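Please consult the sequence and structure below while reading.

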Amino acid sequence: MHDVIIIGAGPAGLSAALWCDDLGLDTLVLESGDEIGGQLKQVYNRIENYPGLNLANGHELIAQISEGIKDKDFDLWTSVEIESINPKAKKVFLRSGEELQAIALIFATGVRRRRLGIPGEADFQGRGIIESATRDRQLLAGRDVCVVGGGDAAVENALLLAEVCPTVTIVHRSKKLGARTAFLQQIQNNHCLTVFTESNVTRILGNEAVEAVEIVRKDALKPFQMAVGGVLIRIGVEPNTELVRDQLQLDDKGYVLINSEQETSIANVFAIGDVANPKSPTISSACGAGATAAKVIASRMNKRS
Ligand SMILES: Cc1cc2nc3c(=O)[nH]c(=O)nc-3n(C[C@H](O)[C@H](O)[C@H](O)COP(=O)(O)OP(=O)(O)OC[C@H]3O[C@@H](n4cnc5c(N)ncnc54)[C@H](O)[C@@H]3O)c2cc1C
């Protein structure tokens, strides 16, 4: 029996773990990946918006966090496969058959990139489909490319690709791009960029690597193919809430609903970080939520808080 089991070792889960440890709570962190950090592994931009930090990318932050937790007393298990959880009983069942129990559970499983789910998407990962223009744009230099999505992330990546690619076509399913005004102004001034709104990419085609995309436009009679040498997909994220889908109250997009103490619809089950925060998914929000949950748990257990 532990005081607290935390599921997920991204910034939220690890912030909670540090606070729980500091407050004298016996804490176990369970992470499905083979290393800590969560989305920080995908951050190739500078991190300059967390007070006191000015780091080249998420990997630098992971290194600092690893250093900071190495002498702490909480347990951290990576590559853990959770079969199911019983939030009311505060039990976690592992695929290995092991059963774990705590007084409080903290759910910190974050979000994952949404996929299009179209033919070719899985086949051409790393063979013309890139994940990040900051990291990979030189791989597509000199090629015509397609960016799928219309939010900040899609448009920012398109602008970066336009620095090295002759043409960049943004394909977005809605009537208008949802990116911030500064990005939209940059698009207007960039003759390499074309925007297809009310349009969907329905297939990614090629042999050894990406050679074309199939596009369906609302005002076109039939799908057409556009030759491209690269694709980048940024169509948002979805929360990792499969484990609790029928057990905790979720919003209509699947995010965990919480109160001001980060507590879910079940007493002593908390949700922190992006999995419960569709509005301001940031490192600072995630870390703050971790501290809140730990302090609430400690005060309920009459530990120093
Ligand atoms: C490209 C990019 C750039 C970004 N840049 C910035 C920035 O500059 N500044 C900023 O503040 N934020 C930035 N963010 C957002 C920031 O990374 C997230 O807000 C933050 O990582 C959220 O932390 P989290 O712990 O809630 O979730 P995550 O980081 O998503 O971590 C969740 C963890 O839970 C684990 N997990 C999931 N399911 C299970 C399961 N069933 N069992 C066990 N473990 C599980 C995952 O493997 C993961 O390790 C960026 C994000 C991206 C993708």
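Contact here means that heavy atoms lie within 4.5 Å. By that criterion, the buried residues of helix α6 pack against β1, α1, α2 (58–69), β6 (99–107) and β17 (269–271). The model is predicted. Helix α6 (283–300) is also among the elements that give two or more residues to the shell around the ligand.

**Ligand site**

- The ligand has 30 residues around it, of which A12, E31, Q39, D274 and I283 come nearest.
- By class, the residues of this shell comprise 13 nonpolar, 14 polar and three charged.
- A polar backbone atom of D274 is 2.9 Å from an oxygen atom of the ligand.
- For P11, a polar backbone atom is 3.3 Å from a ligand oxygen atom.
- For P281, the distance from a polar backbone atom to an oxygen atom of the ligand is 3.3 Å.
- The ligand taken alone exposes 1000 Å², and the protein buries 84% of that.
- The elements that contribute two or more residues to the shell are α1 (11–22), β7 (111–113) and α6 (283–300).

**Helix α6**

- The 18 residues of α6 should span 26 Å at 1.5 Å a residue, and the end C-alpha atoms are 26 Å apart, so the two values agree.
- The buried residues of α6 are I283, A286, C287, A289, G290, A291, A293, A294, V296, I297 and A298.
- An α-helix has 3.6 residues a turn, so residues three or four places apart point the same way.
- Among the buried residues of α6 are I283, A286, G290, A293 and I297.
- I283 is also one of the residues that come nearest to the ligand.
- Just after α6, N302 takes a positive phi of about 60 degrees.

**Buried strand residues**

- I6 belongs to strand β1 (residues 2–7), one of the elements against which the buried residues of α6 pack.
- I6 has a relative accessible area of 0% and is therefore buried, the cut-off being under 20%.
- Residues up to four places away in sequence aside, I6 touches G13, A16, A17, T27, L28, V29, L30, I106 and A108.
- I6 and L94 are separated by 88 residues in sequence and by 14 Å in space, C-alpha to C-alpha.
- T169 is part of strand β10 (residues 168–171).
- T169 counts as buried because its relative accessibility is 7%.
- Beyond its neighbours within four places in sequence, T169 is in contact with V145, C146, V147, T194, F196 and M226.

**Loop residues with positive phi**

- Most residues other than glycine have a negative phi.
- K90, which is not a glycine, has a positive phi of about 55 degrees.
- K90 is placed in the loop between β4 (82–86) and β5 (91–94).
- Is K90 buried or exposed? With a relative accessibility of 9%, K90 counts as buried.
- Q262, likewise a residue other than glycine, has a positive phi near 70 degrees.
- The loop between β16 (237–239) and β17 holds Q262.
- Q262 counts as buried because its relative accessibility is 13%.

Methods: Residues are numbered from 1 along each chain as its sequence is written. This is a predicted model: local features need pLDDT of at least 70, side-chain atom pairs count only at pLDDT 80 or more; totals for chains, interfaces and linings use all residues. Side-chain values use heavy atoms; hydrogens and water are left out. A residue is near a molecule or strand if one of its heavy atoms lies within 4 Å of it. A polar contact is a pair of N or O atoms within 3.5 Å; within protein, one must be able to donate a hydrogen and the other to accept it, and residues adjacent in sequence count only if both atoms are side-chain atoms. Accessible areas come from the Shrake-Rupley method with a 1.4 Å probe; for residues, only the protein chains shown count as cover. Helices (H or I, at least four residues) and strands (E, at least two) are DSSP runs, numbered from the N terminus. Ala, Val, Leu, Ile, Met, Phe, Trp, Tyr, Cys and Pro count as nonpolar, Asp, Glu, Lys and Arg as charged, and the others, Gly among them, as polar. Buried means under 20% relative accessible area, exposed over 50%, partly exposed in between (1.4 Å probe, protein chains only). The expected span of a helix is 1.5 Å times one less than its number of residues.
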